[in-house]
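Notebook open, model loaded. I'll jot down what I look up as I go.

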Amino acid sequence: MGMSTARRQNVKVERKLQTVSKNGYYNTYVPNALAEENIFLNLPMEENELPAYEAVRSSLPKPFWQGNDSVIDCYWKAWELAFDHLRKPDANNGFVANYIDTAFNDCIFMWDTCFILMFAKYGHRVFSFQRTLDNFYVKQHPDGFICRQLSMTDGEDRFHRYDPTSTGPNVMAWSEWEYYGITGDTERLHDVFPVLAAYHRWLKAYRTWPDGTYWSSGWGAGMDNQPRMPAHMPHQADEFYHGHLAWIDTCLQQMLSAKLILQIANTVGREVEVQDLQEERDRLAALINERMWDDETAFYYDLKPDQEWLGMKSIGAYWALIADVVPQERIERFIAHLENPNEFNRPHRIPSLSADDPCYRPEGDYWRGGVWMPTNYMTLRGLTLHGYDALAHDIALTHVMNVAEVFEHTGTIWENYAPDRIERGDPSKPNFVGWSGLAPIAVLFEYVFGLRAAASGAKLVWDVRVLEEHGIERYPFGNEGLLDLKCAARTAATDKPDIQVSSNVPLTLVLRWEGGEEAVRVPASRE
């Protein structure tokens, strides 16, 4: 939960900027007034004990789906792995909250954490997963910078802030807005607003070209080895060099960040302080659509220093959907690539690189074709925003079923998956929950079953597309709501679903099926 208003007003962040640091470097910080409001810097260290999976399993949502036991088994394995990665802060790392680690190495990672929280929100009743981000916020620098990777041992940044690989992708505002959507926790929005706005402005100050477009690196963009640099350069260039490119995914993520910080600002009454973000959105939208869109191929590309398109069709371009930058007359052609078997419609959808690229690898080779749960989830959310719910369901169903089949054969969940065969990606790490809990939990709930909540508006959409009996017991809705949801088996997609819903809070349920929609008022029927 967020800090109370009274407590927030009494917090005074004290930072004394020394002229020369203890290691002899000059202090080059340009202080950021919003970063000075960061209340997380003075929070006490959490002392709550970590919950054990077996002790809380009976309090987690319980899905069922007739004839799909392997999917349900994979769901429970995801939670088991997630609870195995819970950690406590300590005096050495200076973290302030119990947290879930990234399941990768001895660090927590910025964008991994954000995507972990996209599914972990369904377990917020038994563990405050969202507070994992507090451990990034407490490490914010005076100028607003937050490092993308923090050591769990000593809490130190793994990169200097001016390193091209030091930070990103910037999706923390999305994570916080998602959490607000399911919990309605306005107090937390008050707490995180200055932190998020200060970080966004740091990126604007130090990661842009003169025209306002953004740059990054393979590591900074999170898609390590995508082929963005000339072939004659050493392969490390793809991972650590900006290439003087305007990076399409980074530009779009900044548009999304600005959009959501503006929504947060409106919610907490601070919109006048971030009017510059609306101006930036308008400017970036114009630049992206005028210079980074190729109408002949109907795709968005990185822009090279000579102002030519890079020509690599990356999953990163689909941040354009959730950032809401694509003009209506372009959307159908842009989305059509997702249905083309020669591009993104592979046996396991969606590959991170189009299959017609010469660098595409059918076994995955990390971001040269591998199927990754975070970019799949991002694309699904973008499709929903623009009304492509049927396509989103098709992609989600293929994704979840393939992940479940690999789980059935290997007994675990993997970091990424091969696009052209139903196997783990090569290379990929096992037991990766980690963000790979997205498919077995969030994608199952939201896109296979079609349950998408807006608890802050007391509304739940149930877009029923599967024919078998299915549902969820103990579905969390807001801070207090708990729902049992059941849909009977149907013989055809056009049949109106026969549903049963019980809830301890009133809500509006929008029931959808092929060819129909009905709003149902659900009263509070039990304690």
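**L203**

I started with L203, which sits in helix 7 (residues 186-206); helices here are DSSP runs of H or I with at least four residues, strands are E runs of at least two, and both are numbered from the N terminus. Buried or exposed? I get 6% relative accessibility for L203, so it counts as buried. My cut-offs are under 20% relative accessible area for buried, over 50% for exposed and partly exposed in between, with a 1.4 Å probe and protein chains only.

Next I listed what L203 touches, skipping residues up to four places away in sequence: T167, N170, T208, Y214 and Q254. Contact means heavy atoms within 4.5 Å. I also checked L203 against T213, ten residues along the chain, and their C-alpha atoms are separated by 11 Å.

**Ground rules**

Residues are numbered from 1 along each chain as its sequence is written, and side-chain values use heavy atoms, with hydrogens and water left out.

I looked up the confidence too: mean pLDDT of the protein chain is 94, and 95% of its residues reach 70 or more. (pLDDT is the predictor's confidence in each residue, from 0 to 100.) Residues 10-14 fall below 50, and that stretch has nine contacts in the model beyond near neighbours in sequence. Where pLDDT is low, the predicted coordinates should not be read in detail.

**M172**

M172 lies in helix 6 (residues 172-183). I find 0% relative accessibility for M172, so this one is buried. Which residues does M172 contact, leaving aside neighbours within four places in sequence? My list for M172 reads M110, C114, L133, Y137, I146, L196 and Y199. C114 is 58 residues from M172 in sequence, yet I get 6.0 Å between their C-alpha atoms.

**Y122**

I moved on to Y122, in the loop between helix 4 (110-120) and helix 5 (134-137). Y122 has a relative accessible area of 4%, so I put it down as buried. With residues up to four places away left out, Y122 touches P61, W79, I182, I441, A442, F445, E446, L451, Y475 and P476.

**D356**

D356 is in the loop between helix 12 and helix 13. I get a relative accessible area of 43% for D356, so it is partly exposed. Apart from neighbours within four places in sequence, D356 is in contact with K313, N342 and E343. Q66 is 290 residues from D356 in sequence and 38 Å away in space, C-alpha to C-alpha.

Where are the cis peptide bonds I noted? One joins R349 and I350, with omega about 5 degrees, and I350 is found in the loop between helix 12 (328-336) and helix 13 (373-385). Another runs from V433 to G434, with omega near 0 degrees; I place G434 in the loop between helix 14 (389-410) and helix 15 (438-448).

A103 has phi near 70 degrees and sits in the loop between strand 3 (99-100) and strand 4 (107-109). At 14% relative accessible area, A103 is buried. Q307 has a positive phi of about 70 degrees although it is not a glycine, and I find it in the loop between strand 7 (299-300) and helix 11 (319-322). Q307 is partly exposed at 42% relative accessibility.

**Whole chain**

Last, I zoomed out. I count 15 helices and 14 strands in the protein chain. Of its 527 residues, 59% count as buried. The C-alpha atoms fill a box of roughly 70 × 55 × 45 Å along the principal axes.

How values were computed. Predicted model: local features only at pLDDT ≥ 70, side-chain atom pairs only at ≥ 80, totals over all residues.
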